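Hello,

Here is the structure I said I would pass on. Please open it first; my notes follow below.

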Amino acid sequence: MYIVIIGAGNVGYGLALELYSHADYEILLVENDRGRAEVLRDELGELCVYGDGTEVTFLESIGVSRADIVIAVTGDDSHNLIACQVAQHRFGVSRTIARVNNPRNERLFQTLGIESTVSAASAVLAQIEADLPAQSFIPLLRLRASGLEVVDLHVQPRSRAAGVALRDLDLPDDAVISLVVSGDSSRVPDGDTVLEAGDEIIAVIGQESEPAMRELVRSPDEPQREIDEVLQ
Amino acid sequence: MKVVIMGCGRVGSTVAGRLDADGHDVTIIDLNTQAFRRLPGGFGGEHLRGSGIDDRTLVAAGVREADAFIALTQGDNRNLMASQMAKHLFNVETVVTRVYDPLRAELYGRLGLRTFSPTRISADLAIDALLGTA
């Protein structure tokens with residue numbers, strides 16, 4: 001498998017070393033800063049090459065059309081986007097992965113058909129949010145194709161969901177409660193299932209429904225906060 | 001029509017001045033406030049400091065209501081990214097993008113942007129001038 005990595009900063013360099021240890025992978029690390037590329041060439045030899053990973057002529061010279069994956073991890077979102085798009089649309093590379101430095105660009109990249117995006121800032125924030133005590137809402141997973149999210153909700157005492165049967169709960173249309181965990185047992189709920197304070201719910205919801213779902217399980221004492229506000 | 005221009009260099013400021021003089025509603029964006037000095041005296045449009053690849057800057061510049069977006073910074077990739085934001089996130093009808101690299105200009109032309117390459121245009125002019133066909 002031929003993997004082209006564009007951007008030899010800390011992320012690209014670390015990734016190249018990691019993947020290089022797999023015998024099945026042929027790796028090429030592209031760096032557009034000549035000095036950095038020369039330093040890395042001394043260390044890594046032909047694994048690293050100097051060039052602009054968004055330039056058609058250069059990409060042609062490294063045979064990018066036979067690449068199985070192009071991974072763009074520079075510190076500049078516009079470079080990452082264009083590198084992936086040129087690889088896809090000009091060279092027919094089917095799998096592209098882009099680092100998104102500004103999490104607010106994730107939607108653009110997905111709209112434009114970049115298969116996967118990786119955002120350090122989003123990952124760090126999600127991890128912190130999961131680790132914060134007494135969180136009532138934790139995003140677990142985003143299902144890219146559908147735009148749905150898998151979330152973990154903790155029913156807080158005196159919240160609107162506590163003591164209420166599911167059928168009487170004012171759920172958003174695109175929210176499905178998939179699992180209810182009480183203590184150390186879990187069950188697939190039905191309309192009669194009554195949620196209790198302390199229950200944990202795994203739900204699949206549309207992104208638009210996040211605020212409504214947070215509101216349902218939130219304790220009246222818990223300040224309302226959203227990860228988006230932290231990002232702004 | 002309402003036009004948002006990204007990049008207030010020599011070309012951007014000239015385009016902004018002319019469109020403004022023709023009665024269009026112009027907002028021009030640049031990272032550097034010094035760049036706005038290039039705008040002609042009597043320029044009646046808006047100018048805004050910010051990055052054209054930041055959606056908040058684009059919204060502040062009124063891209064949601066814009067009929068056209070023109071990307072004229074020195075960076076091909078920045079121009080291409082901002083243009084695609086204007087087109088695909090904010091549904092701007094007409095998007096014009098300067099791309100120095102002729103090959104990228106051609107590729108994104110096929111992908112729906114109105115691109116032009118000063119490199120190719122200059123090369124054509126140079127050859128015409130040399131051969132006396134201009």
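Predicted model: local features only at pLDDT ≥ 70, side-chain atom pairs only at ≥ 80, totals over all residues.

B:Asn91 sits in the loop between H3 and strand S5 (94-98) of chain B. Its phi is positive, near 55°, and the residue is not glycine. Most residues other than glycine have a negative phi.

Look for A:Arg158 in the loop between strand S8 (148-154) and strand S9 (164-165) of chain A. A:Arg158 has 11 C-beta neighbours inside 10 Å, so it counts as exposed.

Next, the contact between the chains. On chain B, 15 residues are in contact with 16 residues of chain A. Helix H3 (76-89) and helix H4 (102-110) of chain B each give two or more residues to that side. H3(B) provides the largest share, 8 residues. By type, the chain B side has 8 nonpolar, 3 polar and 4 charged residues.

Last, helix H4 of chain A, residues 77-91. Its 15 residues should span 21 Å at 1.5 Å a residue, and the end C-alpha atoms are 20 Å apart, so the two agree. H4(A) is mostly covered, with 11 of its 15 residues buried. Among them are A:Leu81, A:Ile82 and A:Val86. After H4(A) comes A:Gly92, with a positive phi near 65°.

Best wishes

Conventions
Residues numbered from 1 in each chain as written. Chains lettered and ligands numbered in written order. Contact = placed C-beta atoms within 7 Å. Helix = DSSP H or I, 4+ residues; strand = E, 2+ residues; numbered from the N terminus. Nonpolar A, V, L, I, M, F, W, Y, C, P; charged D, E, K, R; others polar. Expected span 1.5 Å × (residues − 1). Buried ≥ 20, exposed ≤ 12 C-beta atoms within 10 Å, placed from the backbone.
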